[in-house]
Amino acid sequence: MTATTVDEQRLMNFVFKAVGDFGAQLSGALAVIGDKLGLYRAMAGAGPLTAGELAARTGTAERYVREWLCAQAAAGYVEYAGDERFVLPAEHAIALTDESSPACVIGGFELMLAAVRSTDRLIEAFRTGEGVGWHEHHQDLFSGCERFFRPGYHANLVGSWIPAMKDVEERLRAGSRVADVGCGLGASTVLMASAYPESTFVGLDYHAGSIADARERAAAAGVGNRTRFEVGRAAELSGTYDLICLFDSLHDMGDPVGALRHLRDRLDPAGSLLLVEPFAGDTVAANLNPVGAVYYGASTLLCTPNSLSQEVGAALGAQAGESRLRAVAAEAGFSSFERVAETPFNLVFQVRP
């Protein structure tokens with residue numbers, strides 16, 4: 001047996017990286033605690049606070065809050081101001097509390113923590129090859145996903161993505177029939193319905209609990225008279241539409257080719273499909289970066305298991321990339337596939353018959 005030479009510095013560098021990841025994993029849970037208890041919101045704009053002052057503001061126990069503040073300061077989420085006081089910088093407050101900002105990330109912590117709660121179930125799935133459906137995860141997954149993606153949709157969907165598509169925005173302003181497939185809690189549906197009052201909208205999702213929430217949110221937003229939400233999968237969509245949208249949902253489907261083929265049949269000949277997918281290059285090497293780490297990780301815990309729980313189980317994964325998505329669309333019978341926009345987190349395509 002050939003002896004392996006160990007680079008001690010490389011070994012220790014990796015050990016410290018792992019220790020940093022321990023802290024990151026714990027910080028995610030602590031961020032969810034801070035969000036659900038209103039700790040971040042109470043600190044936003046308040047200046048330096050002691051643990052006792054923050055506990056009094058939030059109706060929580062001082063000893064827990066003190067330890068939470070120390071952990072958050074060590075992780076760089078809050079800053080230690082001296083004299084047993086801690087402050088939430090204004091920039092951090094935006095990311096952790098302002099859900100109207102595209103920089104808001106707080107929902108991501110709820111989403112990721114919900115995903116890792118299924119670890120035991122996923123260990124068994126790794127052994128058997130069976131899938132784990134979206135509906136089988138912790139309930140925080142649904143609200144966390146909506147809160148994670150909603151700021152990006154608010155920042156880009158109506159302001160840049162739809163205007164970048166050919167012959168779409170004009171038709172929406174005049175009055176179009178729109179389907180939002182895999183709509184979740186309806187954030188994207190309600191946003192479009194609010195922006196285009198002459199158009200009508202259908203949201204479709206197979207998770208009944210999400211559809212119930214979506215109906216309530218549409219009513220609260222005053223667009224319930226022009227939107228309806230139905231429980232179902234992509235292959236069950238009925239009717240004819242001028243625009244069909246899939247927001248970060250195609251890669252989760254068991255049979256993406258079959259789904260797109262059915263949606264093509266539901267599309268008006270002059271209509272378009274708006275396909276939004278996680279940002280990814282076409283090779284593994286192109287995705288070996290912090291964003292890729294998040295998407296590959298979420299895909300391992302959520303997207304791939306969900307696809308494997310359905311018929312066909314194509315398991316595109318959250319890092320499918322443009323070339324593979326283009327091939328799926330072509331196999332489904334679409335003739336035009338054009339990237340019209342992108343962000344650091346999304347690729348946006350207009351797909352036409």
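Trainee: How many nonpolar, polar and charged residues are in the lining of the second largest pocket?
Mentor: Ala, Val, Leu, Ile, Met, Phe, Trp, Tyr, Cys and Pro count as nonpolar, Asp, Glu, Lys and Arg as charged, and the others, Gly among them, as polar. Here that gives 26 nonpolar, 13 polar and 10 charged. Keep in mind this is a predicted model, where local features need pLDDT of at least 70 and side-chain atom pairs pLDDT 80 or more, while totals for chains, interfaces and linings use all residues. Numbering runs from 1 along each chain as its sequence is written, and side-chain values use heavy atoms, without hydrogens and water.

Trainee: How much space lies in that second largest pocket?
Mentor: On a 1 Å grid over the protein atoms alone, a pocket is an open set of points where a 1.4 Å probe fits, with protein on both sides within 12 Å along at least five of seven lines; lining residues have an atom within 4 Å of a point. Points join across faces, edges and corners, and volume is the space filled by probe spheres set on them. This one holds about 950 Å³. Gly182, Asp205, Ser249, Asp252 and Asn306 are the closest to its centre, out of 49 lining residues.

Trainee: Which element gives the most to that lining?
Mentor: Helices (H or I, at least four residues) and strands (E, at least two) are DSSP runs, numbered from the N terminus. Helix α8 leads with seven residues.

Trainee: And the largest pocket, how much space is there?
Mentor: About 1200 Å³. Its centre has Gly108, Phe109, Met112, Phe148 and Val294 as the closest of 36 lining residues. Helix α13 supplies the largest share, nine residues.
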